[in-house]
Amino acid sequence: GLLDITGSQRVTLTQLAKAIGAEDSTEVTRVLAYFLQINLLYNVPLILIFFVAAPQVTRVLYGSPTIGLWAGALAFTQLTDIPTQLIGMVYQARRTMWQLVSYETGKVAIGSLTTLTLLARGYGIVGVIVGTLALNVIYAGVSIWRYRQAAQSDALLPKWPVLLRQLPTAR
């Protein structure tokens, strides 16, 4: 994502593919928990800083904080993208490319159609931003559900409760 300076997605994908290839469920759990942990530890503070700083910067540059407020709101998509990134990496590491391509293409297509529809109906940039946020929240929920489905069909993947219990100690 835009504010992801950790490289967590690339590292996680490599480590996840190795763990799945080795059929090591303990390592799969550790890798996925670490991905969630690092994204929450780094992205949440960055998003909060961005949300506070962006309006101040745009106030100085443009005389109004409005653009910065909307940019700050869009930064929250970094949090809603975490489940979507997680299931995308699972699909890729498991080599279920059809699921990966159809899911990611579906998100782009729905996002594009939503944007065009909102603009055509006259909602302007505010409508596009609110629509983007709403779509990302919906996709986060769908991604959580899809991961649950994947974990039910693949014994290597931890169920959500197991994965979430590992967050405090993930390394």
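This is a short walk through one structure, from its core to one helix and then to one pair of residues. Keep in mind that the model is predicted.

Let's start inside. The largest nonpolar core has 29 residues. Which of them touch the most other members? They are Leu-16, Leu-32, Tyr-147, Leu-157 and Leu-163. Six helices each supply at least two residues of this core: helix 1 (8-21), helix 2 (25-62), helix 4 (77-93), helix 5 (97-120), helix 6 (124-153) and helix 7 (160-165). Helix 4 gives the largest share, seven residues. As background, nonpolar side chains tend to be buried together in soluble globular proteins.

Take Leu-163 from that list. Setting aside neighbours within four places in sequence, what is Leu-163 in contact with? Its contacts are Thr-29, Leu-32, Ala-33, Leu-36, Leu-86, Tyr-147 and Pro-158.

Now the aromatic rings. How many aromatic pairs does the structure hold? Four. Ring pairs also link Tyr-91, Tyr-103 and Tyr-139 into a cluster.

Tyr-103 brings us to helix 5, where that residue is buried. Helix 5 has 24 residues. From first C-alpha to last, helix 5 reaches 34 Å, close to the 34 Å expected at 1.5 Å a residue. Leu-100, Gly-106, Lys-107, Gly-111 and Leu-118 are buried in helix 5 too. What covers the buried residues here? The cover includes helix 4 and helix 6. Just after helix 5 comes Gly-122, with a positive phi of about 85 degrees.

Last stop: helix 4 and helix 6, by way of two residues. Thr-80 is found in helix 4. Gly-141 lies in helix 6. Along the chain they are 61 residues apart, yet their C-alpha atoms are separated by 8.7 Å.

Is Thr-80 buried or exposed? Thr-80 is buried, because its relative accessible area is 16%, and the cut-off for buried is under 20%. Gly-141 has a relative accessible area of 39%, so Gly-141 counts as partly exposed.

What does Thr-80 touch, beyond residues up to four places away in sequence? Asn-136, Val-137 and Ala-140. With Asn-136 there is also a polar contact: the two side chains are joined at 3.5 Å.

Conventions
Residues numbered from 1 in each chain as written. Predicted model: local features only at pLDDT ≥ 70, side-chain atom pairs only at ≥ 80, totals over all residues. Heavy atoms only, no water. Phe/Tyr/Trp six-rings, centres within 6.5 Å; stacked < 30°, edge-to-face > 60°. Core = buried A, V, L, I, M, F, W, Y, C linked by side-chain atoms within 4.5 Å. Buried < 20%, exposed > 50% of the residue type's maximum accessible area, 1.4 Å probe, protein only. Helix = DSSP H or I, 4+ residues; strand = E, 2+ residues; numbered from the N terminus. Contact = heavy atoms within 4.5 Å. Expected span 1.5 Å × (residues − 1). Polar contact = N/O pair within 3.5 Å; in protein donor to acceptor, adjacent residues only side chain to side chain.
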